[in-house]
Amino acid sequence: MAERVEVILDTKKCQGYGLCLGSDDVFEMEPEGNVARLKMRFVDISRLDEMEDAARDCPANAISCRVVQD
Ligand code: SF4
């Protein structure tokens with residue numbers, strides 16, 4: 001079974017700090033507001049560390065991730 005990482009973004013918590021934009025193929029800012037949004041919900045398992053870092057580094061604790069089975 002293949003594993004992927006599901007990225008979860010709580011837009012109610014996001015304060016628009018933009019730190020997550022280091023992974024700019026996954027996160028982007030809403031054009032009309034200071035809130036991030038997901039460009040993709042699932043990323044390759046090889047990027048688990050990167051997504052865990054994004055979750056840990058988000059000042060608003062708006063990002064989480066989990067490993068899911070395909
Ligand atoms: S790092 Fe967190 S608070 Fe900042 S834009 Fe991304 S999700 Fe929002």
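## The loop between α1 and β5

Asn-61 is placed in the loop that connects α1 with β5, where helices (H or I, at least four residues) and strands (E, at least two) are DSSP runs numbered from the N terminus. The phi angle of Asn-61 is near 55°, a positive value in a residue other than glycine. Asn-61 counts as exposed because it has 12 C-beta neighbours inside 10 Å; by the criterion used, a residue is buried if 20 or more other C-beta atoms lie within 10 Å of its own, exposed if 12 or fewer, and partly exposed in between, with C-beta atoms placed from the backbone.

## Basis of the description

This is a predicted model, in which local features need pLDDT of at least 70 and side-chain atom pairs count only at pLDDT 80 or more, whereas totals for chains, interfaces and linings use all residues. Residues are numbered from 1 along each chain as its sequence is written.

## Overall fold

The chain holds 1 helix and 5 strands, arranged along the sequence in the pattern β-β-β-β-α-β. Its radius of gyration is 12 Å, close to the 11 Å that the globule rule gives for 70 residues, so the chain is as compact as a globular protein of that length; the radius is taken over C-alpha atoms, and the rule is 2.2 Å times the number of residues to the power 0.38. Of the 70 residues, 20% count as buried.

## Strand pairing

Strands are taken to pair if DSSP finds at least two bridges between them. β1 and β5 run antiparallel and are joined by 7 bridges, with Ile-8 standing opposite Ser-64 in β5. β1 also pairs in the antiparallel sense with β4 (residues 42-44), over 3 bridges, and here Val-5 has Val-43 as its bridge partner.

## Nonpolar core

A nonpolar core is a set of buried Ala, Val, Leu, Ile, Met, Phe, Trp, Tyr and Cys residues joined through C-beta atoms within 7 Å. The largest one has 14 residues, of which Val-7, Leu-9, Cys-20 and Ile-63 touch the most other members. Two or more residues come from each of β1 (3-9), α1 (48-57) and β5 (63-69), and β1 gives the most, with 3 residues.

Leaving aside residues up to four places away in sequence, Ile-63 touches Leu-9, Cys-20, Ala-54, Ala-55 and Cys-58, contact meaning that C-beta atoms, placed from the backbone, lie within 7 Å.

## Ligand surroundings

Around the ligand are 15 residues, of which Cys-14, Tyr-17, Cys-20, Ala-36 and Cys-58 come nearest; a residue is near if its C-beta atom, placed from the backbone, lies within 6 Å.

Technical notes:
Contact = placed C-beta atoms within 7 Å.
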